[in-house]
Amino acid sequence: FIKFITAVSGGLNLFLRYKMLEEKVSLLQSAVGSSNEGIIITDTLGEILFANGAWEKLAGYTQEEIIGRSPNQLWGGSMPKDFYNKLWHTIKTEKKPFIGELENTRKDGTKYWQAIYITPILDECEEVRFYLAIEPDISDKKTKDQFKEEFVSIIGHQLRNPLIGINWLIESLTDKSNMTEDEKKKINEIYTQNKSLYGF
């Protein structure tokens, strides 16, 4: 009877542990699945084991098309080879998280930018079991940054032309011999400051 009770108790304990683990996994899947950011889990070869719904919306592929494939086969491969070499060296060899930005291609062929945060998940022997990647869409940010760079470049060019004209006028003023030393000093100071504004 004692053996029977012990066996039942052990089985019940195992069942409760399993149920708790099942609940935790379910909670994790719910949290990850409802995230607005693209989250994928791949095996050590980079084949996708899990992708949340945000990935379907972002990349345009269904779960069936995503699972078992590598990101490179679906939406990746747009970055230079050095980028991918560094990525794999960081997460596979060094077993450290990798942070970067990359350009991907949706199923319909349109390009988009993502920030990527990939971390290797290690087992008790410090070996990589799988990779977890969180990859938010940053296309709007990249567009704004590009606009900002172009705007600054255009404004810089537009300001540069009048400054060159002003510099020429200052040079012609300094050629006049009827200026006092104090006036020449002030003109030279204006000339120097003007030159510094357009980078000569």
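In the predicted model, Leu122 has Val128 of strand β5 as its bridge partner. Strand β4, which spans residues 111-122, pairs with β5 in the antiparallel sense, and six bridges connect the two. Five residues lie between the strands of this hairpin, and Glu126 adopts a positive phi near 65° there. Strand β5, comprising residues 128-135, is also joined to strand β1 (residues 38-42); this pairing is likewise antiparallel and involves five bridges.

Tyr131 of strand β5 and Trp88 of helix α5 are 43 residues apart, and their pair links distant parts of the chain. Tyr131 is buried, because its relative accessibility of 3% falls under the 20% limit. Trp88, by contrast, has a relative accessible area of 31% and is therefore classed as partly exposed. The ring centres of Trp88 and Tyr131 are separated by 5.6 Å and the planes meet at 85°, so the arrangement is edge-to-face, a class that requires an angle over 60 degrees.

In total, five aromatic pairs are found in the structure. Among them is the pair of Trp55 and Trp75, which is stacked, with a centre-to-centre distance of 4.2 Å and an angle of 15° between the planes. Trp55 belongs to helix α2 (residues 53-59), whereas Trp75 is located in the loop between α4 (71-74) and α5 (81-93); the pair therefore ties together parts that are 20 residues apart in sequence. Both partners are buried: the relative accessible area of Trp55 is 0%, and that of Trp75 is 1%. Ring pairs also bring in Tyr61, which forms a cluster with Trp55 and Trp75.

Ile99 counts as exposed because its relative accessibility, 63%, is over the 50% cut-off. Ile99 thus contrasts in accessibility with Tyr131, which is buried at 3%.

Key
Residues are numbered from 1 along each chain as its sequence is written. This is a predicted model: local features need pLDDT of at least 70, side-chain atom pairs count only at pLDDT 80 or more; totals for chains, interfaces and linings use all residues. Side-chain values use heavy atoms; hydrogens and water are left out. Two strands pair if DSSP finds at least two bridges between them. Helices (H or I, at least four residues) and strands (E, at least two) are DSSP runs, numbered from the N terminus. Buried means under 20% relative accessible area, exposed over 50%, partly exposed in between (1.4 Å probe, protein chains only). Rings of Phe, Tyr and Trp (its six-membered ring) pair if their centres lie within 6.5 Å; planes under 30 degrees apart count as stacked, over 60 as edge-to-face and the rest as tilted.
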